[in-house]
Amino acid sequence: MNPRTIYLALAVLLALWVLVPIFLIATLAFSDRASVFAWPKGILPQRFSLETIAFFFGVAGVGKAIGNSVIVAGLTLLFAVLLGAPAGYALARYRFAGADAYRLLILMTRAFPLAILAVPLSVQFIRLGLYDTALGVALVHTALALPFAVLVTSSLFLGIPKELEEAAWTLGCTRIQAFLKVVLPLALPGLAATAIFAFVISWNEVFAATLLTLRERTLPAFLLTALNDSPLPFRFAGGFFLIVPALVFIFAIRRYLFTLWGIANR
Amino acid sequence: MRSERYIPYLLVLPSVIFLLFLFAWPLVEALLLSVRGSEGWTLEHFQRMAADLYFKDAVKYTVLLAVVVVPLQVILALGMAMLLGGISKGRDLFLYVWTIPLGISDLAAGLVWLSIFTERGYLNSFLQALGLIQEPRLWLSYETPAMLFLAVVAAEVWRATAIVFVILVAGLQLIPKEYGEAAEVFGATPWRRFWRVTLPLLMPSLQVALILRTILALEVFAVVVALGGRNLPVLAGEAYFWYNAYQNPGVAAAYAVLILGISGLATLLYLRLLRPRQEVAA
């Protein structure tokens, strides 16, 4: 057989390995209760129904948890970009003493397990009044997203020629004007990708969110703590709902995926 | 321009302050929390942790998971990265589909695979269709640790291979094409080119991928909880239970410090073992 055909067959197989489980849980999420418990199950959906999804959204607390997730992820996005982009710009444009130490600090933060942050912080947050608040969770999520934001924006700014900025200066722009009028428009799509990435990191995070909240749970934290005493349809619909942003997110930032990680090698 | 020398520091400062507050401080706090009792310094939290019924299994399964899952992911991702080079038609589509799991959380992955491994799930339905079983079988219970372990492995490989894949593809892009072409001129087979040229030059990316994935594997939590509750104890899960259910931050912190310790050891090991060989890289 032609090697191209074998490659293609393998690629399709791997694509199916990714897609089939998503298809299966989507099938369950859009079936009625009887089909979710049916035995044995067919691969194809038996009866299309919004019963399971509607049941999920109808459970007390789900709406609030989704709202909390969006607020926390929104704050995380904001903090990560506001703190990360200036640092990324500094790394890309200036040579300064301590730049390497700073890079090392950024990389080291990625080597810390989340448990080492979440446990002591929840103890301290109680004292600071940050426990059980969206702000508290967003701070921890920012700690996860910030290293990425710095590295990605620095590679982003590196890709924008310095000469463009210098030309703007000679034409009478101040540094800030040159940045706003020349660099920012060029960097905007990449910054948007960084922001989306930060949003998804927060949307997906469960360990810290569960430890740091009690009533103001994010959706993953709410799902996790409800797992033990919730029926299967609730879990499947919740799982499916968690995945939906992933599909959109990967599609939106697909152009930047490899810059996002490529920079980590250097 | 002397007056501008402070600019980069001004730009970096907010993030440094933030990281000190969110990393350095909690790190110190966690260490203190784990060794301080009601009456001064103590090893009581570590002793309670070690004496706990779940402790041995938690250590065993956490390490075992990392040892099984990480190599599987690296081999699979390496295969996918090489395969991508051999595909011409629909390359972008495969890239998109293969990287979808990047955005899927560990909790969601656990729930996806729960739908397959649960009592009346797809696996049992499939086995029934093949005539291998008549009645639904329990796979995720306390009595079937091997199958529960396999389910977690499947979910983790399904979810997190994409991260390794992306890191490796990004690394492959950094390798100049000339090296491979030169080897081809000298008559190296594709297999030989892969072992002698590509793999050594890919070492830094492999190192990053291995370190990152191992640390994340040692933190495995939500996948396991979603699939088996506490039937398969893991370290991060125990930290969670001690904090949330038993309201004991001291023991929870002891678990956190233990995870940090194992992660640190693994990282050092990778840095030593996978040091890029200079004569090959040059």
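Which residues in α11(A) meet which residues in α12(A)? I opened the model, which is a predicted one, to look this up.

**Entry 1, the contact.** On the α11(A) side I listed Leu219(A), Pro220(A), Phe222(A), Leu223(A) and Ala226(A). Their partners in α12(A) are Phe234(A), Gly238(A), Phe241(A) and Leu242(A). I then sorted the residues of this contact by type: eight are nonpolar, one is polar and none is charged.

**Entry 2, the geometry.** Two packed helices are described by the angle between their axes and the distance between the axes. I looked up both for this pair. Helix α11 of chain A covers residues 219-226, and helix α12 of chain A covers residues 232-252. Their axes come within 11 Å and cross at roughly 160°. Angles over 145 degrees count as roughly antiparallel, so α11(A) and α12(A) are roughly antiparallel to each other. I noted the hand as well: α11(A) passes α12(A) in a left-handed crossing.

I counted secondary structure next, and chain A has 13 helices and zero strands. For extent, I took the box filled by the C-alpha atoms of chain A along the principal axes, which is roughly 75 × 65 × 30 Å.

Chain A has 266 residues, and 55% of them count as buried. The accessible surface of chain A is about 11300 Å². Carbon and sulfur atoms hold 71% of that surface.

I looked at contacts in chain A with a separation of 6 or more, and 70% of them are between residues 24 or more positions apart.

Definitions and conventions: Residues are numbered from 1 along each chain as its sequence is written. Chains are lettered from A and ligands numbered from 1 in the order in which they are written. This is a predicted model: local features need pLDDT of at least 70, side-chain atom pairs count only at pLDDT 80 or more; totals for chains, interfaces and linings use all residues. Side-chain values use heavy atoms; hydrogens and water are left out. Axes are lines fitted to C-alpha atoms, for helices over the stretch in contact, and angles run from 0 to 180 degrees between N-to-C directions. Helices (H or I, at least four residues) and strands (E, at least two) are DSSP runs, numbered from the N terminus. Angles under 35 degrees count as roughly parallel, over 145 as roughly antiparallel, 65 to 115 as roughly perpendicular and the rest as oblique. A crossing is left-handed if the near helix is turned anticlockwise from the far one by less than a right angle, and right-handed if clockwise. Contact means heavy atoms within 4.5 Å. Ala, Val, Leu, Ile, Met, Phe, Trp, Tyr, Cys and Pro count as nonpolar, Asp, Glu, Lys and Arg as charged, and the others, Gly among them, as polar. Buried means under 20% relative accessible area, exposed over 50%, partly exposed in between (1.4 Å probe, protein chains only). Accessible areas come from the Shrake-Rupley method with a 1.4 Å probe; for residues, only the protein chains shown count as cover.
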